Amino acid sequence: MHETITNPVIKDEVTFVQSAVTTNGRITTLQVKLMPGGGTPMHFHKHFSESFIVIEGELTITTRETSTRLSAGGKITVQKNEWHRFSNESMLPVVFTTVIIPGSAGFENSLRILYGLAKDGKTNEKGMPSNPLVLAVVAKISDMHPAGPRFIISTSIAIMNLLAGISGLRRKLLRRYC
């Protein structure tokens, strides 16, 4: 049976089709319903590639070099360490599958935490955590690294993660939402 989570703030929906746990870490497969205007900031992953396959609607994938608009049946794979973002620039929801290889339980748990925080009213209007320590925990466990001046951003996230670990915040978030 598949687990589906919904973010009540931004109205996005994620269904866990295959998890890292059930595939022994081989793959994570998610079906995502992304509302108009939704998406992620430019980022990269150090430990996995990410493929996007559009089922319905239009999804824009932007990398450092290109911007590609995919419609139903369209597919693109972003490799490890490649800067990218995805967005729904249309007026209708887009439904797509994301395939992460190798699978990432941390990535899956980061979504559970983000959507759980939104349900608990602990995010802003864009669904992002109000607490910067929580944001650092989510970034770390999801292997989502902001693109840009790496040293400053990475150092700040590392320090906040250390504080989150010492304070027990990371453990508390995982226990409550995962």
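Between which strands is Lys11 found? The residue sits in the loop that links strand S1 (3-6) to strand S2 (13-18), where helices (H or I, at least four residues) and strands (E, at least two) are DSSP runs numbered from the N terminus. The model is a predicted one, in which local features need pLDDT of at least 70 and side-chain atom pairs count only at pLDDT 80 or more, while totals for chains, interfaces and linings use all residues. Residues are numbered from 1 along each chain as its sequence is written, and side-chain values use heavy atoms, with hydrogens and water left out.

Backbone geometry is a friendly place to start. Most residues other than glycine have a negative phi, and most peptide bonds are trans. Lys11, a residue other than glycine, has a positive phi near 70 degrees. Asp143 is not a glycine either, and its phi is positive at about 60 degrees. Asp143 is placed in the loop between H2 and S11 and counts as buried, with 6% relative accessibility; buried means under 20% relative accessible area, exposed over 50% and partly exposed in between (1.4 Å probe, protein chains only). The peptide bond joining Ile101 and Pro102 is cis, with omega about -5 degrees. Pro102 has its place in the loop between S10 and H1.

Next come the helices. Two packed helices are described by the angle between their axes and the distance between the axes. Axes here are lines fitted to C-alpha atoms, for helices over the stretch in contact, and angles run from 0 to 180 degrees between N-to-C directions. H1 and H2 pack with their axes 7 Å apart, at an angle of about 155 degrees. That makes H1 roughly antiparallel to H2, given that angles under 35 degrees count as roughly parallel, over 145 as roughly antiparallel, 65 to 115 as roughly perpendicular and the rest as oblique. On the H1 side, Gly106, Phe107, Asn109, Ser110, Ile113, Leu114 and Leu117 meet Val134, Val138, Ile141 and Ser142 of H2, contact meaning heavy atoms within 4.5 Å. The residues of this contact divide into seven nonpolar, four polar and no charged; Ala, Val, Leu, Ile, Met, Phe, Trp, Tyr, Cys and Pro count as nonpolar, Asp, Glu, Lys and Arg as charged, and the others, Gly among them, as polar.

Leaving aside neighbours within four places in sequence, Ser110 is in contact with Val138, Ile141 and Ser142. Ser110 and Ala139 are 29 residues apart in sequence, and their C-alpha atoms are 7.8 Å apart in space.

Helix H4 (residues 169-177) has an axis that comes within 9 Å of that of H1, crossing at roughly 80 degrees. H1 is therefore roughly perpendicular to H4. Asn109, Arg112, Ile113, Gly116 and Leu117 in H1 meet Leu173, Leu174 and Tyr177 in H4. For H2 and H4, the packing angle is about 70 degrees and the axes are 10 Å apart, which makes H2 roughly perpendicular to H4. Here Leu133, Val134, Val137 and Ile141 of H2 meet Leu169, Arg170, Leu173 and Leu174 of H4. By class, the contact of H2 with H4 has seven nonpolar residues, no polar ones and one charged.

The loop between H1 and H2 holds Glu125, which is exposed at a relative accessible area of 65%. Beyond its neighbours within four places in sequence, Glu125 is in contact with Val9 and Ile10. Glu125 and Lys140 are 15 residues apart in sequence and 22 Å apart in space, C-alpha to C-alpha.

Finally, there is the open space. The largest pocket contains about 940 Å³. On a 1 Å grid over the protein atoms alone, a pocket is an open set of points where a 1.4 Å probe fits, with protein on both sides within 12 Å along at least five of seven lines, and lining residues have an atom within 4 Å of a point. Grid points are joined across faces, edges and corners, and a volume is the space filled by probe spheres set on the points. The largest pocket is lined by 42 residues, of which Gly39, Thr40, Pro41, Met128 and Met144 are the closest to its centre. H2 supplies the largest share of the lining, six residues. By class, the lining has 26 nonpolar, 12 polar and four charged residues. Thr40 is buried, with a relative accessible area of 14%, and lies in the loop between strand S3 (28-34) and strand S4 (43-44).
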